[in-house]
Amino acid sequence: MSRSDATKARILQAATDEFAAHGIAGARVDRIARAAAANKNLIYVYFCSKDQLFDTVFDAHVTHGLNTVPFTPDDLPGYAGRLFDYCQQHPEVIRLATWHRMERGDSHDRDPAVAAPTRDAKLEALAAVQKKDGIGAGFTPTALLTLVLSLALAWNPSNPTGIPTSTTEAESTGDRRRSIIKAVRRLL
C-alpha cells in the first residue's frame, strides 16, 4: 500500500467514526484530520469537500453491507436474521444511514447511487419468487421488502419506536434475532 493509499484509508476510517457519531453537519474536518494523523488540506485534495467525503464513506459502507449480506428471496426469514447480525456487528452502518436519511432526506432526492441497482435487483427477484411460490403474495414486492427490512432493523439504536429492554425483561441478542425470524415467517 502506498503512503497516499494509507493516508486515505486513515482518513476514511476517521471520517467513518466522525460521521457516525456527529452526522454531516456536526462532523468536523479538523477532528477527522487529527484522528487520521493527516494534514487537513489532504482531505480536500483527496475528497474535495466534507460532503463528498461523507458520500465516499457512506457509499463504501453501503456497498460493503450489500455485498456481505446475501439476499435470499426464497428465505426472507434467514435474510432478515443475517441482516440483523450484520447490523449488530457494524452499528456504524445504521448510524451513517440514519444521518443520511435525516440530513439529506428529500433535499438530495435520490437513493445512494450504489443502493438503487441492488434494491431493484432484490425487488425483481422477490417478485419472481412471489409469482412462482406465492410467498408474501398479500404484499407488493416493495411493501414486503420494506417490512422485512423494518423487522430486521427493529432493535437498532436509531429506531425511534424501539422499546428499551427493562431490567425485568432481559432479552438477549439471540432472543431478538429469533423474534425477527419468527415475525418474518408469520408475515409470509
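**Reading the model**

Modeller: A contact here means heavy atoms within 4.5 Å. The model is predicted, so local features need pLDDT of at least 70 and side-chain atom pairs count only at pLDDT 80 or more, whereas totals for chains, interfaces and linings use all residues. Residues are numbered from 1 along each chain as its sequence is written, and side-chain values use heavy atoms, with hydrogens and water left out.

Biologist: Is Thr-7 buried or exposed?

Modeller: Buried means under 20% relative accessible area, exposed means over 50%, and partly exposed lies in between, with a 1.4 Å probe and protein chains only. Thr-7 counts as buried because its relative accessibility is 9%. Thr-7 is found in helix H1.

Biologist: How many helices and strands are there in the protein chain?

Modeller: Helices (H or I, at least four residues) and strands (E, at least two) are DSSP runs, numbered from the N terminus. The protein chain has nine helices and zero strands. Of its 188 residues, 33% count as buried. Among contacts between residues at least 6 apart in sequence, 64% join residues at least 24 apart.

Biologist: How is a salt bridge read, and how many does a search of the whole structure find?

Modeller: Side chains of opposite charge can pair when their charged atoms come close. The criterion is a side-chain nitrogen of Lys or Arg within 4 Å of a carboxyl oxygen of Asp or Glu. A search of the whole structure finds eight salt bridges. In one of them, Asp-55 pairs with Arg-104, the closest N and O atoms being 2.6 Å apart. Asp-55 lies in helix H4 and Arg-104 in helix H6, so this pair ties together parts that are 49 residues apart in sequence. Arg-104 counts as buried, at 3% relative accessibility. Asp-51, Asp-55 and Arg-104 are linked in a network of salt bridges.

Biologist: What separates Arg-178 and Asp-175 within helix H9?

Modeller: About one helical turn separates them, because Arg-178 and Asp-175 are three residues apart in helix H9. Their salt bridge has its closest N and O atoms 2.7 Å apart. Arg-178 counts as exposed at 52% relative accessibility, and Asp-175 as partly exposed at 29%. Helix H9 (residues 173–187) also holds Lys-182, which is partly exposed with a relative accessible area of 48%. The C-alpha atoms of Lys-182 and Pro-77 are separated by 7.3 Å, although these residues are 105 residues apart along the chain.

Biologist: How is a pocket located, and which residues are closest to the centre of the second largest pocket?

Modeller: Rolling a probe the size of a water molecule over the atoms shows where empty space is left. On a 1 Å grid over the protein atoms alone, a pocket is an open set of points where a 1.4 Å probe fits, with protein on both sides within 12 Å along at least five of seven lines; lining residues have an atom within 4 Å of a point. The second largest pocket holds about 150 Å³ of space. Of the 13 residues that line the second largest pocket, the closest to its centre are Gln-13, Thr-16, Val-57, Ala-60 and His-61.

Biologist: Which helix supplies the largest share of the lining of the second largest pocket?

Modeller: Helix H4 does, with five residues. Helix H1 (3–26), helix H4 (50–68) and helix H6 (91–104) each supply at least two residues of that lining.

Terms used
Grid points are joined across faces, edges and corners, and a volume is the space filled by probe spheres set on the points.
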